[in-house]
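Here is a quick tour of a model, going from one chain's overall build to its partner and then to a couple of single residues. Have the viewer open as you read.

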Amino acid sequence: MYGKLIAAQTVGAGGTSSITFSAIPASYTDLIVVYSGNGGANLILNGVTTGNLYSRRYLQGAATSVATSSATSENSFNGIWNYYGSETYMFGTVYIPNYAGSANKIVSAETLTEINGSGALRQLFTGAWSSTNAITSVTISALTTIGQYSTAYLYGLTKGSGGATVS
Amino acid sequence: MATAITPLANITLTSATTTVSFTSISGLYRDLMLVVSGKWNTNNSSSVPWYSFNSDTNDANYYLVDIEGTGSSAVSYSVNYRASFASSFGYGNPAPNWQLISHFLDYSATNKHKAILTRVDSPADRLGASAARWTNTSAITSITVQAGLSFAAGSTFSLFGVSA
């Protein structure tokens, strides 16, 4: 339930430090990133890692505990997929509406981290990117290494027109 | 069979408004998805959108439970009135952007109450998820989205049909 597949990547032998979807067309209205892999990662938009343009807020459940945190003025969506050692497996989706618009961007993410049978973490994550630029690239940037066979998919969703009334 | 998402309706507000309505919703799909990218028309105020289905404004017919995180506290609430989420959000000056994504499951079924799953993302102050129930077996043919504050101009409301 993700829309039109724009691009897909599978990590090869040796792993990688990042997965990037670039030259994203502006022909859709919303983007959806689906990541399934071995290795924690941050999310970076348009390759921008300076200027402290990212803020985040999350809510986590870890079976016996619950946690929430927030941060501002960062240089990526830090902790969108947390790292808990080499046997950390991540799954999740990131929804970015109006990615090509001229307003600041918000991301909505739901992720699961599984620590090879020794624990699991379910996270809701939201972040704001203080840029009015259209999003043309999305990078999943490894905290250490994204392992072989990890996959990432980028989908585009197009909104309709009309059909609503206001009062 | 691949799941298909079909855009049904979309509106970008050209002026502040408190109510957006989707009517004559086709029963062709399995679920509906509503994506709202918005902000309030008032600085330093917060509010929360609420839903009415098929013009049913009786709060007694709506139930909701949610989980919320502010960054400093994690809470859970249940309410018995029309709401997409228990707590208000979107506070700041200037009024910050937020988004809300709701899934209306089996909306066209006539043999079950309706379930609504919602994500709220307000990076400025709060995020969370809710599960709500409309205690009516009628198919949903209209959705009205309202709030105590006005939605600001530029806010977008997009409705999609999801096919099995």
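How much area is buried between chain B and chain A, and what share of it do carbon and sulfur atoms give?

## The interface

Keep in mind that this is a predicted model. In it, chain B and chain A bury about 3,000 Å² between them, and carbon and sulfur atoms give 62% of that area. On chain B's side, Arg119(B), Pro123(B) and Leu127(B) stand out: they supply 20% of the area that chain B buries against chain A, more than any other three residues.

As for who takes part, the contact draws on 45 residues from chain B and 37 residues from chain A.

## Chain A as a whole

Written out along the sequence, the pattern is simply β-β-β-β-β-β-β-β-β-β-β-β-β. Of the contacts in chain A between residues at least 6 apart in sequence, 74% join residues at least 24 apart.

What about overall size? The C-alpha trace of chain A spans about 50 × 35 × 35 Å along its principal axes.

## Surface and charge

Buried residues account for 47% of the 167 residues in chain A. The accessible surface of chain A is about 6,800 Å², and 50% of that belongs to carbon and sulfur atoms.

On the charge side, chain A carries 6 positive and 5 negative side chains. The centres of those two sets sit 12 Å apart.

Start with Asn52(A), in the loop between β4 (41-45) and β5 (54-61) of chain A. Is Asn52(A) buried or partly exposed? Its relative accessible area is 42%, so Asn52(A) counts as partly exposed, given that buried means under 20% and exposed over 50%. Leaving aside residues up to four places away in sequence, Asn52(A) touches Ser73(A), Glu74(A) and Asn75(A). Take Ser73(A): it is 21 residues from Asn52(A) along the chain, yet their C-alpha atoms are separated by 4.2 Å.

Now move on to Gly61(A), which lies in strand β5. Gly61(A) is also partly exposed, at 29% relative accessibility. With residues up to four places away in sequence left out, Gly61(A) touches Ala120(A), Leu121(A) and Arg122(A). Ala41(A), on the other hand, is 20 residues from Gly61(A) in sequence and 19 Å from it in space, C-alpha to C-alpha.

How values were computed. Residues are numbered from 1 along each chain as its sequence is written. Chains are lettered from A and ligands numbered from 1 in the order in which they are written. This is a predicted model: local features need pLDDT of at least 70, side-chain atom pairs count only at pLDDT 80 or more; totals for chains, interfaces and linings use all residues. Side-chain values use heavy atoms; hydrogens and water are left out. Helices (H or I, at least four residues) and strands (E, at least two) are DSSP runs, numbered from the N terminus. Buried means under 20% relative accessible area, exposed over 50%, partly exposed in between (1.4 Å probe, protein chains only). Contact means heavy atoms within 4.5 Å. Accessible areas come from the Shrake-Rupley method with a 1.4 Å probe; for residues, only the protein chains shown count as cover. Lys and Arg count as positive and Asp and Glu as negative; His and the chain ends are not counted. The place of a charge is taken as NZ of Lys, CZ of Arg, CG of Asp or CD of Glu. Buried area is the accessible area (1.4 Å probe) that two parts lose on being put together, summed over both.
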